[in-house]
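User: Can you walk me through this one? I'd like to start with the pocket.

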Amino acid sequence: MGDVVYDLREVRRARYAVAAVFAVHGAVTGSFATRVPWVQDHASLSAGQLGFALAFTAFGASCSMPLAGRITHRFGSRSALRGLIALWTLALVLPSLAPNMLTLCLAMFTYGASAGMADVAMNALGVEVERLLGRSIMSSLHGMWSAGALTGSAAGTLAAHLGSDARLHFALAAATLTLLGVLACRWVLDIQATEDEEPPPRFTLPPKSALLIGTVGFCAVFAEGASLDWSAVYLRDQLDTSAGLAAACTTGFMLTMAVARLVGDVVVDRFGAVRTVRAGGALAVLGGLLIVVAGHPAVAMGGFALLGLGIAVVVPLCFAAAGRSGPNPSQAIAGVATITYTSGLIAPSLIGGVAQATSLVVSFVLVTVLACGLAAFAGVLRTGDRSRPEVSRPSAAVPDPRP
């Protein structure tokens with residue numbers, strides 16, 4: 001890979017292509033999230049049974065992520081991402097076809113496995129494009145994921161409002177998103193393994209660097225998962241707000257994260273990853289404190305907004321640091337992704353358990369304490385660089401030989 005020279009125009013085109021793939025990936029998640037009640041009713045599940053089935057999403061992702069590097073090594077980055085994003089978009093149909101808990105567990109495992117592999121592949125390509133451009137782009141890529149999730153969620157909300165069958169909704173969404181994802185992959189970088197490059201192992205423990213970086217991601221994703229699932233409940237139960245205002249708090253949190261990610265690269269390029277995460281950690285702690293002491297809905301909503309703003313760019317920066325931390329970006333990214341997925345899995349249930357034993361206020365004290373970890377461990381993101389020795393300007397003496 002080190003001998004390949006990419007034209008700068010090609011790298012810029014690849015950036016927009018990867019951004020489109022991120023948006024498609026997010027749109028699948030947003031589409032599914034809005035129809036979970038339909039899936040629950042179709043499979044005739046209780047709340048506990050549904051929670052058990054949904055846990056298989058993270059389980060499938062954690063099991064499959066290490067395979068992404070081997071698939072990319074075997075088929076090249078472009079073909080691998082094309083196949084994996086198509087697998088992910090088509091997997092959207094599976095949950096709507098499940099008539100009972102057993103089949104839904106199997107569907108969610110497959111759904112999560114395809115999500116995890118596509119996630120690792122697209123983040124690895126994003127890290128490579130960032131390295132070639134020599135400036136931060138991972139925050140905006142994850143911002144595109146958030147924008148895609150919001151778009152999929154809006155379409156799903158409309159479908160639910162119209163009372164459409166989720167099987168039809170998911171089939172149409174899957175067909176559309178598969179087409180968009182496959183088309184976008186035409187312009188991503190096609191990175192091929194060299195003949196003497198050893199294939200990564202099928203399964204391996206995350207490298208030490210990924211564990212340290214994953215610790216920072218764990219803190220951020222825990223706060224994100226807790227806020228997404230419990231912010232509306234917090235306003236309704238603790239502050240006695242209407243259902244509409246409680247829902248608006250969650251939407252505002254998501255919008256804050258999306259906007260912060262879309263503009264976050266400018267901040268990262270100006271101040272660096274470490275200082276950005278430390279400042280974000282301070283904002284997240286302040287937001288958590290406002291939530292805990294809030295006596296009025298406006299204060300709590302401001303707290304959730306600050307929490308979203310503080311954690312928004314952390315996960316993108318963790319993936320970027322993982323991709324620069326060793327000779328095998330996919331393996332390191334898979335390790336960090338596994339840790340963050342685990343955090344997202346346990347956060348909602350742990351918050352609920354603590355709230356059951358004490359109160360939701362105490363639960364968000366825990367979120368605030370973990371947010372302190374962002375500032376404490378931000379130094380581990382000071383990894384590698386983003387030099388770009390393999391990019392030539394359009395006017396360079398050696399032009400790009402490809403059409």
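Analyst: The largest pocket is lined by 50 residues. Thr29, Ala33, Leu228, Asp229 and Gly344 lie nearest its centre. A pocket here is an open set of points on a 1 Å grid over the protein atoms alone, where a 1.4 Å probe fits, with protein on both sides within 12 Å along at least five of seven lines; lining residues have an atom within 4 Å of a point.

User: Before we go on, what am I looking at?

Analyst: This is a predicted model: local features need pLDDT of at least 70, side-chain atom pairs count only at pLDDT 80 or more, and totals for chains, interfaces and linings use all residues. Residues are numbered from 1 along each chain as its sequence is written, and side-chain values use heavy atoms, with hydrogens and water left out.

User: What volume does the largest pocket have?

Analyst: About 2,100 Å³. That is the space filled by probe spheres set on the points, with grid points joined across faces, edges and corners.

User: Which helix gives the largest share of the lining?

Analyst: Helix 3, residues 47-75, with 8 residues. Helices are DSSP runs (H or I, at least four residues), numbered from the N terminus.

User: And how does the lining divide by class?

Analyst: 28 nonpolar, 18 polar and 4 charged. Ala, Val, Leu, Ile, Met, Phe, Trp, Tyr, Cys and Pro count as nonpolar, Asp, Glu, Lys and Arg as charged, and the others, Gly among them, as polar.

User: New topic. At what angle do helix 10 and helix 12 cross?

Analyst: Roughly 25°, and their axes come within 8 Å. Axes are lines fitted to C-alpha atoms over the stretch in contact, and angles run from 0 to 180 degrees between N-to-C directions. Helix 10 and helix 12 are therefore roughly parallel (under 35 degrees).

User: Which residues of helix 10 and helix 12 meet?

Analyst: Phe253 and Met257 are among those in helix 10, and Met301 and Phe304 among those in helix 12. Contact means heavy atoms within 4.5 Å. By class, this contact has 13 nonpolar, 2 polar and no charged residues.

User: What about helix 11 and helix 15?

Analyst: They pack at about 165°, with their axes 8 Å apart. That makes helix 11 roughly antiparallel (over 145 degrees) to helix 15. The contact divides into 13 nonpolar, 3 polar and 1 charged.

User: How about helix 1 and helix 7?

Analyst: Their axes come within 6 Å and cross at roughly 35°. The contact has 9 nonpolar, 13 polar and 1 charged residues. Thr29 of helix 1 is part of that contact, and Thr29 also lies among the residues nearest the pocket centre.

Conventions. Helix = DSSP H or I, 4+ residues; strand = E, 2+ residues; numbered from the N terminus. Parallel < 35°, antiparallel > 145°, perpendicular 65-115°, else oblique.
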